[in-house]
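Please examine the sequence and the three-dimensional structure shown here. The paragraphs that follow lead through selected parts of it.

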Amino acid sequence: MKIVVCIKQVPDTKGGVKFNPDGTLDRGAMLTIMNPDDKAGLEAALRLKEQYGAEVTVLTMGLPKADEVLREAMAMGADKGVLVTDRVLGGADTWATSTTIAGAIRNLEYDLIITGRQAIDGDTAQVGPQISEHLNIPVISYAQDIKIDGDHVIVQRQYEDRYHEVKAKMPCLITALSELNEPRYMTPGGIFEAYDKEVTVWGRPDLKDVDDSDLGLKGSPTKIAKASDKVKKGAGEKVVPDTPEDAVAYIVGKMKEKHVI
């Protein structure tokens, strides 16, 4: 069985985010991590590898520094890494991103594709299902459990306060929730092995069956009107009542002023 896991290097939001003048994220200037949902998807693939036997390839689209997240994935146990990077791919929205990733995956053999539900820098949950549409394969989203049954995959799909059990014939794409599992840590030996392996690097010429008009910022139908970092709130109004009764009267007065009561 061959599994492709799509992962993304995303900004570590604890360190703040930075924007380019055109409103896109300045990814080169920020601290980064592996997207949490993607890491859960990777862990699911590694468990399937251990249980059923599989080759796990991790694929990412990003800047050359995204090599780091592929090395992390291989240190966790992935077999191969593919980096899709090219200046013409910069500024892509979900449509252009999914078109690019699908074009790269067409170079690979796969029975199962696993992506995270969504990335913390966009929160759209669109790329995974869009990839399945480009490749014309079934998609099962919001996976909270994955099993293999012959040439089929059986997935518990999270749904409000219950789950649906869905069965689909492979090849199939699954989007994973961060709650799917607890991802393993890298091992020292895994880290050494990861940096001994060669990461495959592809650019625009390596993408199959894609048009230039669907790539990068120019191929993105979504346009950013405005983007900014979090706006810091002011200190607000400070009041020091003389008595508890004065404090209550002040609060009640403000609630009436705001039509809360």
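V260 is exposed, with a relative accessible area of 55%; exposed means over 50%, buried under 20%, and partly exposed in between (1.4 Å probe, protein chains only). V260 is found in the segment after α6 (244-257). Together with I251, M255 and I261, V260 makes a nonpolar surface patch of about 370 Å².

This is a predicted model, in which local features need pLDDT of at least 70 and side-chain atom pairs count only at pLDDT 80 or more, while totals for chains, interfaces and linings use all residues. Residues are numbered from 1 along each chain as its sequence is written, and side-chain values use heavy atoms, with hydrogens and water left out.

The structure holds 16 salt bridges, each defined as a side-chain nitrogen of Lys or Arg within 4 Å of a carboxyl oxygen of Asp or Glu. Side chains of opposite charge can pair when their charged atoms come close.

One of these salt bridges joins E43 and R184 (2.8 Å, N to O). Because E43 lies in helix α1 and R184 in the loop between β10 (172-176) and α5 (188-196), the pair ties together parts that are 141 residues apart in sequence; helices (H or I, at least four residues) and strands (E, at least two) are DSSP runs numbered from the N terminus. E43 is buried at 2% relative accessible area, whereas R184 is partly exposed at 25%. R184 also forms a salt bridge with E50, with the closest N and O atoms 2.7 Å apart. Salt bridges that share partners join E43, R47, E50 and R184 into one network.

Conventions: Patches are made of residues with over 30% relative accessible area and no salt bridge: like charges are joined within 9 Å, nonpolar side chains (Val, Leu, Ile, Met, Phe, Trp, Tyr) within 5 Å. Accessible areas come from the Shrake-Rupley method with a 1.4 Å probe; for residues, only the protein chains shown count as cover.
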